[in-house]
Amino acid sequence: MLGVLLASLHEWLVAPFDYGFMRRALVASLALSLAAPPMGVFLVLRGMSLIGDAMAHAILPGVALGFLFAGFSLPMMSLGGILSGLLVAMLAGSVSQMSGQREDAAMASFFLISLAAGVMIISLGGSSVDLTHVLFGSVLAVNTTALVLIASISSVIVIILAVIFRALVVECLDPLFLRGQGVRGSLAHGAFLGLVVLNLTAGFQTLGTLMAVGLMMLPATAARFWSKRLEGLIVVAIGIALVASTGGLLLSYHFNIPSGPAIILLAGLGYIFSALFGSHHSLLQRLRRRAAPLGAETPELH
Amino acid sequence: MDAKPARLRLHDLQLAQGNRTVLEHIDGEFRDGAITALIGANGTGKSTLIQGIMGMLKPIAGRVECRVPRERRAWLPQQLALDLTFPMSVEELVMTGSWPSHGALKGYCAAHYRRGREIMARLGISHLAHRPLGELSGGQRQRALLGRTLMQEAKLLLLDEPFANVDAETVEVLMTVLRDMAKEGATIIVVLHDMEQLSRLADEAVVLTGGHARWVPVESFAQPGGTLPVPFLSQAISGVSAC
């Protein structure tokens with residue numbers, strides 16, 4: 001009985017990774033799952049949840065130009081994506097500063113322009129198959145070069161995030177404290193947006209430009225239902241992303257469904273489950289809400 | 001009189017918000033180890049002067065001479081500057097005071113935690129150590145923020161209406177701690193709107209009116225017919241409540 005169970009588990013959970021393309025897809029997804037969720041947590045805390053979506057569109061023209069000039073060369077497409085994303089972020093910031101228009105309005109305008117420009121460029125130079133590949137990615141087609149690139153970018157993101165972590169926390173909590181120390185909040189903000197662009201660039205090969213932001217935001221929004229501590233939010237978000245990535249790949253393999261949407265939908269299920277049954281502010285918690293009596297132990301952050 | 005020049009001196013300072021000059025020809029020094037009250041009606045430039053001193057507003061003319069290292073300068077703004085939804089506990093907020101001098105990457109050592117606990121005990125908030133900031137009352141939050149400046153070992157402390165919306169017990173605790181900090185040599189500048197608090201806390205006062213500043217002894221406010229000309233005084237403290 002136990003042997004059958006173990007064999008079944010092996011067939012479901014381990015055997016798919018006998019294939020090289022599945023192993024590469026797994027490593028790429030896990031690398032992204034370590035780097036993307038912390039960015040999502042900060043985006044949520046800064047009230048910028050939709051900025052990730054906007055930036056995902058902003059990298060598209062650069063990716064398309066890279067594709068147009070070098071074909072399916074991931075380094076060229078990534079370089080194009082990074083330059084395009086940073087350019088759009090700077091343009092939106094500049095227009096906002098010069099005209100007084102809110103940054104989210106300027107960002108919305110530029111990301112729509114970017115989306116249209118990107119689709120136009122790909123359509124002129126390729127086919128609808130190419131367009132689908134760029135928009136929705138193909139994690140099972142990750143080769144060794146792409147894997148090294150994704151892992152390198154993810155590592156760089158984690159390291160830079162560690163370096164600017166305290167500045168980001170202070171900028172979120174109390175920007176005046178940061179300015180009082182002679183650090184301009186806009187520097188931390190700019191570096192952070194740069195990391196978001198890098199992250200999305202790393203993610204577009206596996207999940208596509210449109211869905212790469214899903215692995216960043218869904219685990220982060222779900223984590224808010226499980227922890228009230230910053231470190232807790234980050235750990236929970238990474239955990240959800242790791243489970244969604246691995247589970248999505250396995251579902252994709254066993255049921256012959258597209259891998260990118262499977263990963264993001266699993267993360268989405270994680271969000272819905274958290275909203276219903278999470279330990280903080282979930283529907284279940286609201287239904288069972290009881291106030292602690294006077295003099296009871298102080299509720300601690302966890 | 002102390003022969004050594006004060007750590008914080010203003011030299012013919014002119015400050016503007018946009019194209020509008022708010023303060024000009026500000027000359028004077030803030031005594032080390034003293035509490036200076038900054039008073040004036042709304043719009044007379046109290047916040048502008050604080051921004052200028054903290055280096056957040058570049059002077060149009062003149063200069064701020066401040067010999068306090070940046071990591072020892074603290075500004076306690078009005079409470080609304082904080083994002084209260086941020087997932088941080090009281091203890092974590094107090095510990096952030098060590099960041100400017102301790103560095104960005106190093107973790108806290110036992111001595112940091114011990115000092116953090118001592119500070120929270122001094123401010124009467126030990127029992128709130130693990131409570132989220134969003135669940136604190138105005139007074140508790142103000143104590144936690146002052147705890148951060150103690151952790152920072154601030155030698156220059158600027159406070160913007162620290163007693164607004166704060167209960168009487170917290171006012172007493174904050175005043176005691178501020179007086180102790182001044183005794184230990186800190187230069188403290190505090191924006192006040194309450195004459196009774198001013199006379200109890202401050203060693204001297206700077207009155208802002210008509211774009212100018214004037215250093216006056218606190219007794220001028222406490223005693224009728226003090227050293228200030230009556231029109232100047234009444235113009236300066238219009239909007240300042242007497243208790």
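Which helix of chain A does Ser78(A) lie in? Ser78(A) lies in helix H5 of chain A, residues 74-99. Helices here are DSSP runs of H or I with at least four residues, and strands are runs of E with at least two, numbered from the N terminus.

Before going on, a note on the model. This is a predicted model, in which local features need pLDDT of at least 70 and side-chain atom pairs count only at pLDDT 80 or more, while totals for chains, interfaces and linings use all residues. Residues are numbered from 1 along each chain as its sequence is written, and chains are lettered from A and ligands numbered from 1 in the order in which they are written.

Back to the serine. Ser78(A) is buried, with 23 other C-beta atoms within 10 Å. Buried means that 20 or more other C-beta atoms lie within 10 Å of the residue's own, exposed means 12 or fewer, and partly exposed is in between, with C-beta atoms placed from the backbone. Leaving out residues up to four places away in sequence, Ser78(A) touches Leu149(A) and Thr201(A). Contact means that the C-beta atoms of two residues, placed from the backbone, lie within 7 Å. From Ser78(A) to Gln205(A) there are 127 residues in sequence, but 8.8 Å in space, C-alpha to C-alpha.

Next, helix H4 of chain A, residues 60-70. Eight of its 11 residues are buried, so H4(A) is largely enclosed by the rest of the structure. Among the buried ones are Leu60(A), Val63(A), Leu65(A) and Phe67(A). After H4(A) comes Gly71(A), with a positive phi near 70 degrees.

Now a helix pair in chain A. The axes of H2(A), residues 20-45, and H8(A) come within 10 Å and cross at roughly 20 degrees. Axes are lines fitted to C-alpha atoms, for helices over the stretch in contact, and angles run from 0 to 180 degrees between N-to-C directions. That makes H2(A) roughly parallel to H8(A), the word being used for angles under 35 degrees. The crossing of the two is left-handed: the near helix is turned anticlockwise from the far one by less than a right angle. Residues of H2(A) in this contact include Val27(A), Leu34(A) and Phe42(A), and those of H8(A) include Ile150(A), Ile157(A) and Leu168(A). By class, the contact has 17 nonpolar residues, one polar and one charged. Nonpolar covers Ala, Val, Leu, Ile, Met, Phe, Trp, Tyr, Cys and Pro, charged covers Asp, Glu, Lys and Arg, and the others, Gly among them, are polar.

Last, chain B. The axes of its helices H5 (138-151) and H6 (168-183) come within 10 Å and cross at roughly 10 degrees, and the two are therefore roughly parallel. This crossing is left-handed. In the contact, Gly139(B), Gln142(B), Arg143(B) and Leu146(B) of H5(B) meet Thr170(B), Val173(B), Leu174(B) and Val177(B) of H6(B). By class, that contact has four nonpolar, three polar and one charged residues.

Technical notes
Parallel < 35°, antiparallel > 145°, perpendicular 65-115°, else oblique.
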